[in-house]
Amino acid sequence: MSNKPDYGFWKLWNLSFGFFGVQIAYALQSAQVSRIFSTIGADPHDLSYFWILPPLMGLVVQPIVGSASDRTWNRFGRRLPYLLVGAAIAIIVMCLLPNAGSLNLSVSSAIIFGLIMLMFLDTSINMAMQPFKMLVGDFVNEKQKGLAYSIQSFLCNAGSVVGYVCPIVLAMFLANTAPEGEVPATVTWSFYIGAAVLALCVLYTMVKVKEMPPREYAAYHGQPYEDKAQRKARAQKEGKSKENVFRLLAKAPKVFWTVGLVQFFCWAAFLFMWTYSTDAIANHAFHAPSVESYRGVSVGDQKYEDKFLYNGETPVISNGRLCLGAVSLNGQQVKPQTVVAGNDTVISGGEIVYAGGNAKVAPRNGVIAPAGQTLNVDGNDVVLTADAVAIPALSLVEPGTTLTLAHIATVDRTTGKLVLDETTDIPVADPAQLSPVTTTVLNSASKEYQDAGDWNGVLLAIQAIAAVLWSIVLASFRKRKPAYALSLLIGAAGFISVFFITNQYALFVSYALMGCAWAAMLAMPFTILTNALSGNHIGTYLGLFNCTICIPQIVAAICGGWVLSCFAPAANGAPNTVWMLVCSGVLLVLGALAVGGIRETFGASKAMADPASQELASTEM
């Protein structure tokens, strides 16, 4: 087997440069997706469920990309074709996702659209990200792998900084608020800019990086050279790829599993942060106002929760609001299109006007204006002899009425009418037993919330910068395990400290400490693992190893809503999401303890775990 040569700095740089663009996309996803869904109208208790799809797609896609790229040889290379396809999909989706709330869809439909876009975005990012990890394994010798992954970590964090700060920089030029349910221009244009940078980075990589031809690759990796027909014959002999994956897993080195355990705690911790950080900062440091959201109705002891509820053709609850049924004007019930009190419009389009997410008419007492005041109703002045009262549609439900609950409601662009899908009929025998089901959430349309969303990006940028600096410090450690464990403990301190800090600038310290854990998470696991691997299935093993990133995120996403519900609400009644960051700190402590179970191994050139491919060995240190 020929020894891989040493490469100059710029050759190692070019191998990973595309990671810069990919990471901008990943940073925007991490920092802004929960903000986008909250702005559209998602409930905080449901936010973690939206994060199931990204790691779930990674769980499926990354092993496939890794295994397929091990068997790919064409004129574009071995790994680069997957980068090209993944990046192209990511660029398209990045232009669509932030517009989920601007397509004239109902909340339910907008969330479903956003989920589909998020699924494709994470899938494509995984496809584009995976080749860079594999290129280092293909090209770089063991002596330079630490440096190569450090460069990759630097570019990764540099891209993260750009993605994180983009919204707050754009806030200097663009509006940082938008109509309720729509994403601010600062976020939308951040995604557009990220898509453009990703396209440029991919083009740079395709021009600068030329992969090894099959014969050269075989020489450097201690394998007999096989032409296309021989590779096809060997693949048929080895059987179905699914069987090969299980066989490879069974013969994986022990370090694959011990590092994977550490990964479980670490990635679950950061999933909680990405999901709840914006809400936690908005409530804890920016004191964003809360608003009561209507989730459905209760008929007796039975609750029916969804986004839309109709009484015949009349919406009763829509988009988290009690809909207007009528207005009592001087003893008569009318349903005006427009009502102006003084210089303030309180009803428009037959619905109660919401300012910054808060109803101008309180749904409980419903008083629009007191007796003696003059209202302008549909262009006519009306002098009030009694209080003008807004009557919610829910209060107009009569005995024997059947309410229609719609799981999905869309707007027919031709007729302008709402179209209901997946409906359920709810009989109401006694309206006295009918009441709204409410929850208190942060007002995502408020300036404080959107400012907190931008600040969350700044804090994550601080985390990324700290990770870059700490990665330099990590290189000076002679032993990896103590450095790994120490980094995670420092990160744990950062997460837990957020609970005690209410000043937005003091949070810089907390997030800088988190960056130490992030640096170790990016550099240590892949360095330890790739040192234990050698041969023809490196890509497959790296793809499988990414499951140790995806599975903990799936588990955390499934459990997130339940964990959040275990904590008492904050003083303003909104979910106390800062406790989820404390949970992240506890998970990192467990990860640091699990580092003690790692025993580093190094791949040998001849001793193989798979006799057919002669590709894996592990000799204990």
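Reply: Strand β6 covers residues 324–329, and six of its six residues are buried, so the strand is largely enclosed by the rest of the structure. Buried means under 20% relative accessible area, exposed over 50%, and partly exposed in between, with a 1.4 Å probe and protein chains only. Strands here are DSSP E runs of at least two residues, helices are H or I runs of at least four, and both are numbered from the N terminus. This is a predicted model: local features need pLDDT of at least 70 and side-chain atom pairs pLDDT 80 or more, while totals for chains, interfaces and linings use all residues. Residues are numbered from 1 along each chain as its sequence is written, and side-chain values use heavy atoms, leaving out hydrogens and water.

Now the partners of β6. Two strands pair if DSSP finds at least two bridges between them. Four bridges join β6 to β16, residues 388–392. The two strands run antiparallel. V327 has A390 as its bridge partner in β16. Strand β7, residues 332–334, is also antiparallel to β6, with three bridges between them. Here L329 is bridged to Q332. β6 and β7 form a hairpin with two residues between the strands. In that hairpin, N330 takes a positive phi near 50°.

G320 sits in the loop between β4 (314–318) and β5. Is G320 buried or exposed? It is buried, at 11% relative accessible area. Contact means heavy atoms within 4.5 Å. Neighbours within four places in sequence aside, G320 touches E292, S293 and Y294. R295 is 25 residues from G320 in sequence, yet their C-alpha atoms are 5.8 Å apart.

β5 and β4 belong to an open sheet of five strands. The order is β5-β4-β3-β17-β18, and the pairing is antiparallel. β5 (321–322) and β18 (418–428) stand at the edges with a single partner strand each, so one side of each has no neighbour in the sheet. Inside the sheet, β3 (residues 308–311) meets β17 (residues 401–411) over four bridges. Y310 is one of the residues involved, and its partner in β17 is T404.

Further along lies another open sheet, again with five strands and antiparallel pairing. Its order is β10-β9-β8-β14-β15. β10 (351–352) and β15 (380–383) are the edge strands, each pairing on one side only. β8 (residues 338–341) and β9 (residues 344–348) pair over four antiparallel bridges.

Now to the helices. G18 lies in α2 and is buried, at 0% relative accessible area. Sequence neighbours within four places left aside, G18 contacts F132, C201 and T205. G18 and L203 are 185 residues apart in sequence, and 8.6 Å separates their C-alpha atoms. S34 is also in α2, and it counts as buried at 3% relative accessibility. Its contacts, with neighbours within four places excluded, are L47, W51, W274 and T275.

A cavity is a set of points on a 1 Å grid over the protein atoms alone where a 1.4 Å probe fits but cannot get out; lining residues have an atom within 4 Å of a point. Points are joined across faces, edges and corners, and volume is the space filled by probe spheres set on them. There are five cavities of 30 Å³ or more. α2 gives the most, with five. By type, the lining has 16 nonpolar, ten polar and two charged residues. Nonpolar means Ala, Val, Leu, Ile, Met, Phe, Trp, Tyr, Cys and Pro; charged means Asp, Glu, Lys and Arg; the others, Gly among them, are polar.

Last, the chain as a whole. It has 18 helices and 21 strands. Of its 621 residues, 57% are buried. Among contacts between residues at least 6 apart in sequence, 76% join residues at least 24 apart. The accessible surface is about 24,900 Å², and carbon and sulfur atoms account for 61% of it. Areas come from the Shrake-Rupley method with a 1.4 Å probe; for residues, only the protein chains shown count as cover.

Definitions and conventions:
1 Å grid on protein atoms, 1.4 Å probe; cavity = no way out; pocket = protein on both sides within 12 Å on 5 of 7 lines; lining within 4 Å.
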